[in-house]
Amino acid sequence: VITLFPEFVVEYLNVTRLCHTRNILSVNGKFPGPRLVAREGDRVVVKVVNQVSNNVSIHWHGIRQITTGWADGPAYVTQCPIQTNQSYTYNFTIVGQRGTLLWHAHISWLRATIYGPIIILPKHNESFPFEKPHKEIPILFGEWFNVDPEAVISQALQTGGGPNVSDAYTINGLPGPLYNCSSKDTYTLKVKPGKTYLLRLINAALNEELFFSIANHTLTVVEADARYTKPFDTDTLLIAPGQTTNVLLKTKPYFPNATFQMSARPYFTGRGTFDNSTTAGTLIYKQPLKNSSVKNLTLLKPTLPPINATSFVANFTAKFRSLASAKFPAKVPQKVDRKFFFTVGLGTSPCPKNTTCQGPSNNTKFAASVNNISFALPSSVSIMQAYYSGQANGVFKTDFPATPLNPFNYTGTPPNNTMVTNDTKLVVLKFNTSVEVVLQDTSILGAESHPLHLHGYDFFIVGQGFGNYDPNNDPAKFNLIDPVERNTVGVPAGGWIAFRFLADNPGVWFMHCHLDLHTSWGLRMAWLVLDGPGPKQKLQPPPSDLPKC
Ligand code: C2O
């Protein structure tokens with residue numbers, strides 16, 4: 001089936017929140033953007049037309065893009081951005097995935113307002129491996145800035161300091177009643193008693209992992225990042241930027257107009273300023289059940305964990321398991337061809353001559369890196385175009401280190417030298433290489449959770465722990481039976497995670513922290529997966545309308 005969507009026109013839209021009106025960038029004049037609904041197996045064709053003065057590109061976050069990397073979207077990685085008055089048609093097939101994902105702009109901080117849900121329904125005549133919901137409701141978390149987010153990040157990059165934070169978190173674009181001048185902008189979910197709802201939770205916020213809870217209601221997790229999980233109940237979820245989680249909400253036999261608050265606020269362990277405000281929405285019951293016994297209630301509020309509740313987070317993330325059923329097996333690589341140990345964290349870079357910088361130490365800039373390399377994007381060509389046309393020289397190198405160049409005690413005393421190296425280096429993988437990656441948080445400038453996202457793949461999270469990863473003892477504890485399969489994973493603050501994937505998708509695949517600030521500071525790298533021998537194992541040729549830089 002070919003699903004042709006109406007064009008995605010990137011255009012200006014006047015939006016007022018918190019009594020501030022801004023002319024934001026939108027898709028089709030909607031904020032959040034339109035829903036992309038398709039079925040597993042569908043081919044999706046979306047023409048994106050740029051009618052604003054910024055360069056744009058759109059990423060279909062979590063879609064595997066098997067052999068269609070040209071449709072993946074990260075600017076300067078798989079394509080040059082779409083310039084003003086130009087268009088580009090994204091064309092890809094959804095293979096082996098069903099559930100919730102998101103699409104978003106993938107250049108600078110345009111994701112702040114350009115994002116929307118991807119809803120992948122099961123194939124015709126196939127059902128969910130859980131109770132059929134009465135209704136399906138997308139719930140997108142985001143951030144609202146009273147000023148232009150592009151100005152915020154460009155000023156931060158120039159001065160080398162930390163940027164201003166957003167002014168509110170939002171639920172489906174609405175900050176809710178806990179902010180000044182905002183109670184009329186409250187998301188309201190009307191439900192009937194005694195029914196099951198499927199909430200499709202999506203964190204599209206730029207820079208914050210968020211806790212989410214609905215007063216007096218337990219949520220059952222059934223899917224994460226478009227992969228089914230073993231169901232488990234929880235009162236509170238943690239959801240990182242780039243992650244999606246489907247939960248079942250069973251409504252109770254309440255009288256009409258009983259109202260409950262739902263709310264979200266950050267989990268944060270890093271240093272510097274952040275916004276610890278809370279966005280809230282309302283769950284309201286309509287229509288009583290006969291013989292309902294509960295009296296009308298006044299608004300109940302949920303209790304969220306403290307801002308820095310790292311042990312709650314570790315316990316919560318450990319609950320995720322693949323469904324691993326006969327129909328949806330967990331194909332965990334049991335043997336490993338290549339192992340990588342990557343440190344992820346913050347650092348510093350030098351201040352340019354004749355400038356004063358506001359970085360963490362005397363006249364430095366904030367930076368971030370993987371194995372001490374702060375990844376630089378090209379600007380005159382995309383990495384994948386350079387690879388495909390055999391013009392890698394001067395654009396990228398292929399010697400990204402498999403281990404840190406200078407090992408140290410990652411969660412103990414930081415090294416004296418916190419400087420990063422700017423470079424554009426890739427890891428090259430032969431087709432069908434079985435890969436294991438350990439991501440180790442460093443305490444340089446403080447321990448902090450980093451949600452790492454890999455393009456083009458889902459990976460199995462086989463282990464996690466606190467402190468320094470121990471290659472002699474930790475692998476014995478890996479779960480190789482039913483680990484959760486995701487595209488975005490939170491590396492624990494002051495700890496590590498290990499994941500495995502089979503490199504069966506040729507192309508150039510970006511991997512980065514999904515906190516946009518950290519991506520901007522260089523916490524990013526890329527994999528180059530070579531073509532396989534078979535005809536369906538090769539990167540397809542670039543489309544004729546691929547944008548030029
Ligand atoms: Cu959702 Cu490279 O990002």
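**Aromatic rings and their surroundings**

Guide: Phe312 is partly exposed, with a relative accessible area of 26%. On this scale, buried means under 20% relative accessible area, exposed means over 50%, and partly exposed is in between (1.4 Å probe, protein chains only). The model is predicted, so local features need pLDDT of at least 70 and side-chain atom pairs count only at pLDDT 80 or more, while totals for chains, interfaces and linings use all residues. Residues are numbered from 1 along each chain as its sequence is written, and side-chain values use heavy atoms, with hydrogens and water left out.

The structure contains 36 aromatic pairs. Rings of Phe, Tyr and Trp (its six-membered ring) pair if their centres lie within 6.5 Å; planes under 30 degrees apart are stacked, over 60 edge-to-face, and the rest tilted. Phe312 forms an edge-to-face pair with Phe211, because the ring centres are 5.6 Å apart and the planes stand at 75°. Phe211 belongs to strand S14 (residues 209-214) and Phe312 to helix H2 (residues 310-318), so the pair links distant parts of the chain, 101 residues apart. Helices (H or I, at least four residues) and strands (E, at least two) are DSSP runs, numbered from the N terminus. Phe211, at 0% relative accessibility, counts as buried.

Another pair has a different label. The rings of Phe366 and Trp521 are stacked, because their centres are 4.7 Å apart and their planes at 10°. This pair ties together parts 155 residues apart in sequence, since Phe366 lies in strand S22 (residues 364-370) and Trp521 in helix H4 (residues 516-521). Both Phe366 and Trp521 are buried.

Rings can also form groups. One aromatic cluster consists of Phe340, Phe342, Phe400, Tyr457, Phe459, Phe499, Phe501, Trp509 and Trp527.

A charge sits over a ring if NZ of Lys or CZ of Arg is within 6 Å of the ring centre and within 35 degrees of the ring normal. The charged end of Arg22 sits over the ring of Trp144, 5.2 Å from its centre. Over the ring of Phe320 sits the charged end of Arg486, 5.1 Å from the centre of that ring.

To describe any ring pair, then, give the distance of the centres and the angle of the planes.
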